Amino acid sequence: MAEKTLKKVDIIFAEYLVSPYKILEETIKRPKNEIIQEILDSGLRGRGGAGFPTGLKWKFGASAKAEPKYIVCNADEGEPGTFKDREILTKVPRKVFLGMGICAFVTGATKGILYLRAEYNYLIPSLNNELQIFHEKAKLLGLDFNITIFSGSGAYVCGEETALIESMEGKRGEPRNKPPFPVQSGYLGKPTIVNNVETFVSASMVCRIGAVEYKKLGTEDQSGSKLFSISGDTHKAGVYELELGMKVSEFVEEFGDGDTKAVQIGGVAGVCVPRKNFEATIIGQGSSSGGSTMVFNSTRSMYNVLHNYLEFFQEESCGQCTPCRVGCQQLLKGIEAIKAGTKPAEYLNQLMKLTETMKLTAKCGLGQSVGNSFNSIVTNFREEMIY
Amino acid sequence: MENLINLTIDGIDVQVERGKSILEAAKIANVRIPTLCHHDDLCVAGNCRVCVVEVIGRPRLEASCAVPAEDGMKVLTSTPKVRTARKDIVSLLVAEHNTQCTTCYRSTNCELQSLSAEYNIDNDDYISVLKPQKPIDKSSWSVEKDDSKCVRCQRCVRTCAELQHVNALTASGKGNHMKISTFLELPMNDVVCTNCGQCITHCPTGALTERRYYSDIWEAIGDPTKHVIINTAPSVRVGLGEMLGFPIGTRVTGKMVTALKKMGFDSVLDTDFTADLTIIEEGSEFLQRLEDALVHKKQVALPMLTSCSPGWVKFIEHMYPNHLDHLSTCKSPQQMFGALAKTYYAEKMGIKPENIVSVAGMPCAAKKFEANRPEMKSSGYQDVDCGLTTRELGHMIKQSGLDFTNLQESHFDSLMGESTGAAVIFGATGGVMEAALRTVYELITGRPVPFENLNIVPVRGLEGIKEASVKLENCLPKYSFLEGVEARFAVAHGLKNARIIMDQIAKGESPYHFIEVMACPGGCIGGGGQPIPTNNAIRRKRIEAIYAEDEGLAKRKSHDNEELKKLYQDFLKEPLGHKSHKLLHTKYRKRNRY
């Protein structure tokens with residue numbers, strides 16, 4: 001029998017075997033480029049959703065010339081079905097600040113900002129306590145790095161790093177044109193490294209156990225472990241740490257309710273996997289790595305699921321670029337019209353072509369990824385869209 | 001050359017400076033890429049995505065306006081992928097648009113309409129997502145805002161912020177609720193809008209237009225009991241041609257006068273007449289201020305600021321309400337004309353002022369607001385009944401059925417039709433200053449201003465803030481207190497630059513004595529009522545035309561205007577006299593910042 005691909009691990013939330021401050025102390029004794037190389041070798045990719053190699057981002061940040069540099073921890077956890085960052089910030093905030101501290105050391109950043117989703121404001125007192133300790137320790141270690149907390153205002157698009165920066169500058173949360181990328185010109189025009197909460201924890205983990213150990217987790221393509229926020233038709237919703245690269249079939253066996261019809265991987269910006277593809281699809285491979293995993297059983301109408309997603313998108317698009325602003329509205333109106341019979345079933349093809357245009361031309365990841373869930377649902381559950 | 005990079009666009013080799021966009025590189029290669037949110041005056045937005053192109057090796061299409069050209073880049077601008085995407089994007093914009101083009105003021109001069117025609121947009125592709133119609137905001141005297149025609153390119157927002165530093169317009173809401181709005185969604189007449197109309201000339205569609213009054217004028221012309229007169233500003237004669245098929249920068253003064261006469265205006269007069277008058281009054285006021293400061297040691301607000309641009313006046317009322325005493329008390333030429341039309345003109349012509357309909361043909365949107373300011377009734381009637389833009393005049397001429405191209409040229413009527421070159425150049429940034437200097441210097445010294453051929457070149461051109469200075473020597477006895485003074489002048493255009501000037505004044509650091517400010521970039525030739533489009537290339541051509549008109553005139557100093565001399569002799573008696581104060585000078589009010 002083949003080896004099971006679904007492996008639960010317990011590293012991210014594990015008790016502190018070694019004090020994070022001890023790790024910080026040890027790490028910043030090492031040469032900076034060695035640390036960056038370690039992160040590069042680990043294969044760690046951003047845990048926010050886009051999956052950009054973390055080591056590369058840090059390398060760009062380190063080589064950026066301007067001062068001061070900023071480290072931003074993106075805790076604007078807005079992807080529907082994601083609630084892992086909240087868990088991290090509640091249970092092990094010290095590991096997050098450790099990761100930010102290491103990043104500050106290797107890039108030469110002196111200012112850190114935790115961009116906290118407004119709904120998590122209740123965490124601010126405890127986070128501030130933790131920051132006070134962090135700042136004392138950093139001072140003792142001679143690390144000139146100060147972290148403040150910025151409370152977001154509730155727009156989904158502000159999870160996109162340039163929209164997040166705009167919002168911190170007091171402007172509308174609208175993604176910027178890239179280039180320049182934030183590592184070149186970010187917050188207030190200065191080099192800014194934006195990473196997800198979990199990414200900082202994983203980076204600190206790499207520094208603790210080394211790239212070789214880290215790469216033993218997960219697959220060749222996606223190394224390490226990752227937190228999954230599991231919700232929907234499951235009897236054990238919650239946050240789980242799993243090694244990357246597991247078959248959907250095994251996932252469903254573990255978390256499904258016996259009647260699973262489809263699994264949405266990577267949040268609404270990700271793809272919807274129907275039952276017939278459970279065996280062939282690997283979670284954490286190629287797909288978005290945000291970690292939102294929603295399970296649907298046979299009582300669910302996939303039309304309603306898609307309708308719900310599109311309502312979300314048409315409202316949460318920032319509205320500046322045409323393909324996303326109008327495209328999302330079109331997709332929603334389009335499936336409504338087909339359902340109502342005012343547009344023929346073939347109109348679905350037109351809408352799928354539209355998602356291709358959106359993917360090719362939208363300004364940021366939001367508009368570009370709407371087609372992921374749309375196409376996977378429409379292709380696999382076409383009859384539900386029509387009848 | 002390290003700073004130059006090489007790329008190909010549709011196979012054409014192009015060399016550009018590093019940092020230039022793909023769009024700019026394409027222009028050099030003579031490859032046309034359609035755009036919508038892009039405007040030469042404004043920062044890059046990359047919003048509309050109409051300008052997408054394929055870059056070999058990149059997974060997605062790139063917005064050519066926003067993406068820098070790179071060394072070795074291979075760009076394709078007309079592949080099936082690009083064409084499909086562009087057509088989709090234009091279709092989406094059309095699906096969001098109020099497509100009643102037949103009733104739209106911007107029809108045939110609309111960028112969305114052109115794109116839609118270019119890509120053969122089929123209305124069946126997508127379902128209309130036009131929002132339920134909100135009434136058109138007609139609260140402002142000058143600017144109408146129709147959200148149903150908005151393509152959300154944010155050109156107006158960028159114009160209001162970048163060119164004008166006013167920020168009356170802003171994007172609000174997100175996703176399907178995203179729209180262009182105002183502070184607290186207040187109507188346009190309740191916000192800091194200066195009525196400059198730059199948002200109108202930068203709007204690609206009919207979402208922002210001037211409030212139009214020309215139907216009222218047709219009605220008045222048709223009413224035999226009314227004596228309808230029109231005065232036209234200097235910039236109209238160099239802009240109007242663009243509405244009627246002439247190349248940019250064509251002077252159509254004589255044809256315009258003929259057309260207006262044929263259309264039925266009882267008298268076609270020249271705003272330049274009161275521009276000359278403004279110079280006399282404002283120059284005298286300036287000298288009075290200098291005398292008060294230097295001789296009588298009074299507290300006088302210096303530098304003095306010009307007040308001919310109503311957008312600028314409203315700007316300072318909102319933004320620098322504590323510095324209104326720096327503004328010249330002179331009314332603008334339009335308002336001086338109006339006040340005299342229903343007094344001096346009425347008297348001389350033997351027409352009852354209540355039967356006169358006084359119309360102003362202006363390159364301006366703010367002039368409509370200005371005409372309706374409550375204090376502008378010094379004749380006992382509303383001094384100016386109606387301000388029309390150059391665009392409205394163009395439409396009226398078209399409606400009149402005249403063959404404009406083949407019209408004979410004719411001269412302005414009299415009374416109040418004579419003018420000098422000094423008045424003509426009011427239309428270009430720096431013109432008021434130049435005209436004032438031609439007169440003031442001569443008043444002080446008895447000699448012509450010491451610039452070759454009266455051309456005060458330092459105050460000309462499109463640089464944001466321009467400076468000049470003149471040393472006053474061998475002054476006439478009356479002005480001996482100015483002997484040896486180095487008089488310093490500045491010219492600012494575009495309210496962004498006005499703000500720099502005003503910040504200096506607010507800090508008490510302004511090194512100048514007299515400053516000309518025009519609300520619109522380029523001055524009136526780039527006004528909010530001028531033909532669309534406007535950009536720096538067009539502004540330059542209109543400015544050239546203005547100076548050519550000046551050079552061609554025999555009289556080029558305001559104080560040489562014969563009709564003006566007669567006006568003082570018969571009616572006003574003296575500059576800054578009792579009648580002048582009643583009719584030609586005004587007061588300002590403090591307004592709030594929001």
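**Strands, helices and domains, chain by chain**

Me: What is the strand order of the open sheet of 4 strands in chain B?
Reply: Happy to walk through this predicted model. The pairing in this open sheet of chain B is parallel. From one strand to the next, the twist averages 25°. Reading across its 4 strands, the order is β11-β10-β13-β14.

Me: Which are the edge strands of chain B in that sheet?
Reply: An edge strand here pairs on one side only. In chain B that describes the strand at 267–270 and the strand at 386–389. Their names are β11 and β14.

Me: Which residue of β11(B) does B:Ile230 stand opposite?
Reply: Start with strand β10 of chain B, residues 227–232, which pairs with β11(B) in the parallel sense over 4 bridges. Looking across to β11(B), the residue opposite B:Ile230 is B:Val268.

Me: What angle does helix α9 of chain B make with β11(B)?
Reply: Helix α9 of chain B covers residues 271–294 and packs on the sheet. It touches β10, β11 and β13 of chain B. Comparing its direction with that of β11(B) gives about 35°.

Me: Now chain A: how many charged residues are on the side of domain 1 that touches domain 2?
Reply: The domain assignment places domain 1 of chain A at 20–215 and domain 2 at 225–297. Between them, 13 residues of domain 1 of chain A are in contact with 15 residues of domain 2 of chain A. Sorted by class, the domain 1 side has 2 nonpolar and 5 polar residues, and the number of charged ones is 6.

Notes:
Residues are numbered from 1 along each chain as its sequence is written. Chains are lettered from A and ligands numbered from 1 in the order in which they are written. This is a predicted model: local features need pLDDT of at least 70, side-chain atom pairs count only at pLDDT 80 or more; totals for chains, interfaces and linings use all residues. Two strands pair if DSSP finds at least two bridges between them. Helices (H or I, at least four residues) and strands (E, at least two) are DSSP runs, numbered from the N terminus. Axes are lines fitted to C-alpha atoms, for helices over the stretch in contact, and angles run from 0 to 180 degrees between N-to-C directions. Two residues are in contact if their C-beta atoms, placed from the backbone, lie within 7 Å. Domain bounds come from an automatic or database domain assignment. Ala, Val, Leu, Ile, Met, Phe, Trp, Tyr, Cys and Pro count as nonpolar, Asp, Glu, Lys and Arg as charged, and the others, Gly among them, as polar.
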